[in-house]
Amino acid sequence: MNRVWQFITATRGQGRMDWTDWVTYGYLFLGVFLMFFPVIWLVLSSFKTEADIQRYPPTFLPYQQERVMVDGYDEPLPLYRITGGAYEGQVLAQVRRVGLQAQMVDPENPAGGRVRVDTDQREPVERVSLAVENYTGLFERFNFLRFFWNSTFITVTSTLLTLLVNSMAAFALSKYQFRGRTVVLLLVIGTLMIPQTVVLVPLFLIVTQMGMFNSLWGVIIPGAATPTGVFLLRQYMITIPDEILDAARMDKASEWKIFWRIIVPLSAPAIAVLAILAIMWRWNDFLWPLIVLTRTENLTLQLALNSFQGEMSTEWSSLLAMTVLTLLPIAMVFMFLQKYIATGIASTGGK
Amino acid sequence: MLTIISPIMRIIEIPMLALQRVLGIHRFAWVFLLPNLILLCLFAFLPVILNVAYSMTSGDNILLEDRPYVGTDNFTRLTECSNHFDPNSCSEDKFWRAIWNTLWFVTLQVGFMVGFSLLTALILNREIRARGFFRSVFFFPVLLSPVVIALIWKWILQRDGVLNAFLDWTGVGGFNWLVDAEWAFAWTVFLTVWAHMGFYTLILLAGLQAIPRDVYEAALMDRARPWRIFWRITLPLLAPTMLVVLVLALIRSVQTFDEVFAFTGGGPGTATTFIIQYIYERGFAGAPRLFGMASAASLMVAGVLVVLTLVQLWVNRRNVDG
């Protein structure tokens, strides 16, 4: 512990804690708490049974009442510790409850017969236990896999499409001299000013006319060409020396081959950054899918989560489990690709 | 993955090569540009033009040819107020409530966002242990889905939630946060700052780390006070980055919808209904679908965003040049 403390408090190589260092670490640990606690609380709560979720004040860890099999009874019976009356201190199993009294039986000695105990003279015997049924229930009761598949399909397809279309455009804008290049560049810059949020109505018309209303393609295609992606890739491709292209042309490589075999592999770092951004955009997309996808079998995870929160606001256990499962894929991506995400987002100013 | 894509690319190459023979190398650039341009025209430029057309028609039919032309009626209806500061006096009161809510929200949210991001970036820029860890701590909510963010905080803030349990325990007493208009508004500001702060912190931290060390060393030689160093060196040298952050935050803040819609649904009443939600509700959520009103409101928002984006481009260019 002392070592840990030394490690934390060592600053500026002088080994002494200034008051400013105290403030710094105070702020940082407050930040850790504020940023992490909500998510940890969500995950812990998602493992609570519905009964445990209703408890107020809530416990930190998920608890479940212990149940035992008693000879002569078909179902496992809930255990209670008796806090008063003739049986004080004993642990009894409840057979059933009648008004303010409970019929209980000694699990060690079921032949001893039932005894009556006041309901306010007992408390449940509990232990920490994860209510995994919240999660398994999602697959049984809701079409969870369907929503998961919809989200995954949209994310993967539109990311691939974005990468292909944007890298082609970026290649043309970075490595070719042709008439109208400036105009095209300005056009692409111009689209930066037109976020989907301000053209919802006409976009809806176009998508409906193309027969993509209530189809996953209606979400995939309109967002595929991104100005951010074109610029990100173009900035990178400009740095690739023209000599490589000339050499390839000498060897009679076609332009398509140059693009596919030279430009794309050499731009891999920038393409990776764009891939991560595109995955995030699509997975978290909300407003446009909300408009295009209205049938239950078409909903993405985000939409399903949003529509269920209205219907199941009394059933938090399922809702929380579903929230955790929606959060999970992005959390995994973050853990493995954290460094790229940070640099990618900082360098493009896009998220 | 590559094993699937490679053969496809090789097949594409055959028609591409033929095309290249016809066009020549330089004009072949258009072939690379075409898919992207078609998508941009179809889903960005065409909608802008159509949006203008929609804003001058009425009715609830989505097909433009079936919509009666009404000229500037939609705009008149939207802006008609005997007193613009009092939404109750407007013919489209919900629009003005949304506008005033959005203005308040943008002012507060961007203020807190830039303030806390700057503070966090300054602290992360100090000589601390485990900087990478702390940086990612502040950053990770940026990646969370809006609905997830909304549900996390709804769960914490609900009547029997953990925050009220804590307040009861300290003796302050719990409160039904999201039922009270002002508290709900305050929590939407908090929630959006919580979720997006890390992004701006990251940009500001990069800006701070780009300030050359020797400037600070020189200041220390002259025995400048830390406070003075901050005002005279850090802040002026960080100003360009601050401007980028400010404009980006403004552009995003005006368009806030997802988190808040999932969090409060715009309520209680219209306390947290912002402008994009107004557009969504007019055009897509309620019956009749007032596409004309939604488009007219969209055009106004678009106007604001165009100005902000031009400022952003100008700032970026100046930063690159300078």
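Predicted model: local features only at pLDDT ≥ 70, side-chain atom pairs only at ≥ 80, totals over all residues.
Colleague: Is A:K252 buried or exposed?
Modeller: Exposed means over 50% relative accessible area. The relative accessible area of A:K252 is 76%, so A:K252 is exposed.

Colleague: What is the phi of A:K252?
Modeller: Most residues other than glycine have a negative phi. A:K252 is not a glycine, yet its phi is positive. The value is near 65 degrees.

Colleague: Turn to chain B. What is the phi of B:A130, and where is B:A130 found?
Modeller: B:A130 is not a glycine either, and its phi is positive, about 50 degrees. As for its place, B:A130 is found in the loop between α4 (93-124) and α5 of chain B.

Colleague: Is B:A130 buried, exposed or partly exposed?
Modeller: Buried means under 20% and exposed means over 50%. B:A130 has a relative accessible area of 42%, so B:A130 is partly exposed.

Colleague: How do the axes of α5(B) and α8(B) lie to each other?
Modeller: Two packed helices are described by the angle between their axes and the distance between the axes. Helix α5 of chain B covers residues 131-139, and helix α8 of chain B covers residues 181-209. Their axes come within 7 Å and cross at roughly 140 degrees. Therefore α5(B) and α8(B) are oblique to each other.

Colleague: Which residues of α8(B) meet α5(B)?
Modeller: Start on the α5(B) side, with B:R131, B:R135, B:F138 and B:F139. On the α8(B) side they meet B:M197, B:G198, B:F199, B:L202, B:L205 and B:Q209.

Colleague: How many residues of each class does that contact of α5(B) with α8(B) have?
Modeller: Sort the residues of the contact by class. The contact of α5(B) with α8(B) has 2 charged, 2 polar and 6 nonpolar residues.

Colleague: Which residues does B:T241 contact beyond its neighbours in sequence?
Modeller: B:T241 lies in helix α10 (residues 226-254) of chain B. Its relative accessible area is 15%, so B:T241 is buried. Leaving aside neighbours within four places in sequence, B:T241 is in contact with B:I203, B:L204 and B:G207.

Colleague: Which residues of chain A does B:Y280 touch?
Modeller: B:Y280 is found in helix α12 (residues 275-285) of chain B. B:Y280 is buried, with a relative accessible area of 9%. Not counting residues up to four places away in sequence, B:Y280 touches B:F257, B:F261 and B:A285 in chain B. From chain A, B:Y280 touches A:L287, A:L290 and A:I291.

Colleague: How many disulfides does a search of the whole structure find, and which residues form a disulfide?
Modeller: A disulfide is a covalent bond between the sulfur atoms of two cysteines. The search over all chains finds 1 disulfide. Its sulfur atoms are 1.8 Å apart, and the residues are B:C81 and B:C90.

Colleague: What is the hand of the disulfide of B:C81 and B:C90?
Modeller: Both B:C81 and B:C90 are buried. The torsion about their S-S bond is about 105 degrees, so the disulfide is right-handed.

Colleague: Which residues does A:V117 touch?
Modeller: A:V117 lies in strand β6 (residues 115-118) of chain A. A:V117 is buried, with a relative accessible area of 3%. Not counting residues up to four places away in sequence, A:V117 touches A:I82, A:Y87, A:L92, A:L100, A:Q101, A:A102 and A:M104.

Colleague: How many residues of helix α14 of chain A are buried?
Modeller: Helix α14 of chain A covers residues 301-311. Among its buried residues are A:L301, A:A304 and A:F308. The helix is largely enclosed by the rest of the structure, because 8 of the 11 residues are buried.

Colleague: What separates the centres of domain 2 and domain 3 of chain A?
Modeller: Chain A is divided into domain 1 (2-45), domain 2 (67-124) and domain 3 (142-348). Taken over C-alpha atoms, the centres of domain 2 and domain 3 of chain A are separated by 60 Å.

Colleague: How far apart do the centres of the domains of chain B lie?
Modeller: Chain B is divided into domain 1 (1-40) and domain 2 (56-321). The C-alpha centres of domain 1 and domain 2 of chain B lie 41 Å apart.

Terms used
Residues numbered from 1 in each chain as written. Chains lettered and ligands numbered in written order. Heavy atoms only, no water. Disulfide = S-S within 2.5 Å. Buried < 20%, exposed > 50% of the residue type's maximum accessible area, 1.4 Å probe, protein only. Domains from an automatic or database assignment. Axes fitted to C-alpha atoms, helices over the stretch in contact; angles between N-to-C directions. Helix = DSSP H or I, 4+ residues; strand = E, 2+ residues; numbered from the N terminus. Parallel < 35°, antiparallel > 145°, perpendicular 65-115°, else oblique. Contact = heavy atoms within 4.5 Å. Nonpolar A, V, L, I, M, F, W, Y, C, P; charged D, E, K, R; others polar.
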